[in-house]
Structures are given as C-alpha cells and as structure tokens.
Amino acid sequence: MAEILVIDDDPDIRDLLFAALSGAGHAVRVAADGYAGMAAASGLTPDLVVLDWMLPEHSGLEICKALRADQTLADVRVLMLSARGTESDIEFGHAAGADSYIVKPFSPRALVWRVESMLAQEHQVVDATPDE
C-alpha cells in the first residue's frame with residue numbers, strides 16, 4: 001500500500017481518483033489547491049503525487065517545482081494529470097519535474113496502471129556494478 005496525494009481543484013476528478021486509487025489498495029489524501037497540497041505533502045511525504053496542472057493561484061508546474069526544491073520531497077514521484085495535452089505541454093510538465101504525464105480525459109483503469117508502474121519503478125534495485 002502506497003501513500004498517494006491527489007491535488008486537483010475539480011471535486012469530481014478528486015472523487016474519481018480517490019475511488020480508483022483507494023480501490024486499488026492505496027491510502028489516498030486529496031487537496032483542492034496548491035497551498036493545501038504542499039501542506040499535505042510536507043506533513044505526509046507521500047510515495048506519489050497526482051497533480052493537476054491548472055490549479056487556482058499556483059499552477060501544478062509551480063507545485064511540481066516546489067516539490068523538487070524541497071529536500072524531503074524531492075524524490076516523491078509526480079504524475080501530472082492535465083487537460084493540456086500538446087507535445088510542448090507534456091515537455092513543460094517533464095521539465096518542471098513530473099515523472100509521468102496523463103492527458104484528461106483519462107481512463108481510471110489506465111491511471112491506476114500507470115501509478116502502479118511508477119511505484120514499482122521506485123522500488124526497483126538497479127545493479128550499478130560494471131560487468132567485468
């Protein structure tokens with residue numbers, strides 16, 4: 001079970017993500033804006049953050065950069081979830097520090113699969129010993 005923080009200003013999307021991710025066995029917290037999201041992340045240190053780009057006051061890009069700048073949160077996986085879906089939007093999301101990006105509308109099942117994949121990558125051990 002992973003700790004997942006969802007930051008999205010749309011209550012229907014928050015409810016959908018909560019249901020899908022908690023149904024997959026994860027502990028899910030939700031926040032409706034960047035301020036609440038950063039406060040929750042600081043108190044929780046989640047395993048993964050599902051982050052909307054278009055939030056009131058502070059964009060998801062700003063929140064992603066703030067997560068990366070915070071030493072205790074810098075390694076948290078970030079899945080950007082946005083209606084902005086051009087190639088340049090996706091590039092901006094990754095440049096801000098997002099590990100993955102899903103465009104709205106989305107399949108809840110596909111989102112859960114992506115979350116599971118991201119969490120599995122986090123726990124993989126890479127053998128850094130060079131071949132001799």
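Helices and strands are DSSP runs, helices of at least four residues (H or I) and strands of at least two (E), numbered from the N terminus. The model shown in all views is predicted.

View A. Phi of Thr 45 is positive, at about 45°, although the residue is not a glycine. Most residues other than glycine have a negative phi. Thr 45 has a relative accessibility of 38% and so counts as partly exposed, the class between under 20% for buried and over 50% for exposed.

**View B. Glu 57, in the loop between β3 and α3.** Glu 57 belongs to the loop that connects β3 with α3. Its phi is also positive, near 70°, in a residue other than glycine. The relative accessible area of Glu 57 is 66%, which means that the residue is exposed.

**View C. The open sheet of 5 strands.** The strands are arranged in the order β2-β1-β3-β4-β5, with parallel pairing. The edges are taken by β2 (27–31) and β5 (100–103); each has a single partner strand, and therefore one side of each lacks a neighbour in the sheet. On average, neighbouring strands are turned by 20° against each other, direction ignored.

**View D. The pairing of β1 with β2.** Strand β1 covers residues 3–7 and pairs with β2 in the parallel sense. The two strands are joined over 5 bridges. Val 6 has Val 30 of β2 as its bridge partner.

**View E. Helix α3 across the sheet strands.** Helix α3 is formed by residues 60–69 and lies across β1, β3 (48–52) and β4 (77–82).

View F. The bond from Lys 104 to Pro 105 is cis, and its omega is near -5°. Most peptide bonds are trans. Pro 105 is placed in the loop between β5 and α5 (108–122).

**View G. Arg 84 over the ring of Trp 53.** The charged end of Arg 84 sits over the Trp 53 ring, at 4.3 Å from the ring centre. For pairs of aromatic rings, with centres within 6.5 Å as the cut-off, the count is 0.

Methods:
Residues numbered from 1 in each chain as written. Predicted model: local features only at pLDDT ≥ 70, side-chain atom pairs only at ≥ 80, totals over all residues. Heavy atoms only, no water. Pairing = 2+ DSSP bridges. Axes fitted to C-alpha atoms, helices over the stretch in contact; angles between N-to-C directions. Contact = heavy atoms within 4.5 Å. Buried < 20%, exposed > 50% of the residue type's maximum accessible area, 1.4 Å probe, protein only. Phe/Tyr/Trp six-rings, centres within 6.5 Å; stacked < 30°, edge-to-face > 60°. Lys NZ or Arg CZ within 6 Å of the ring centre and 35° of its normal.
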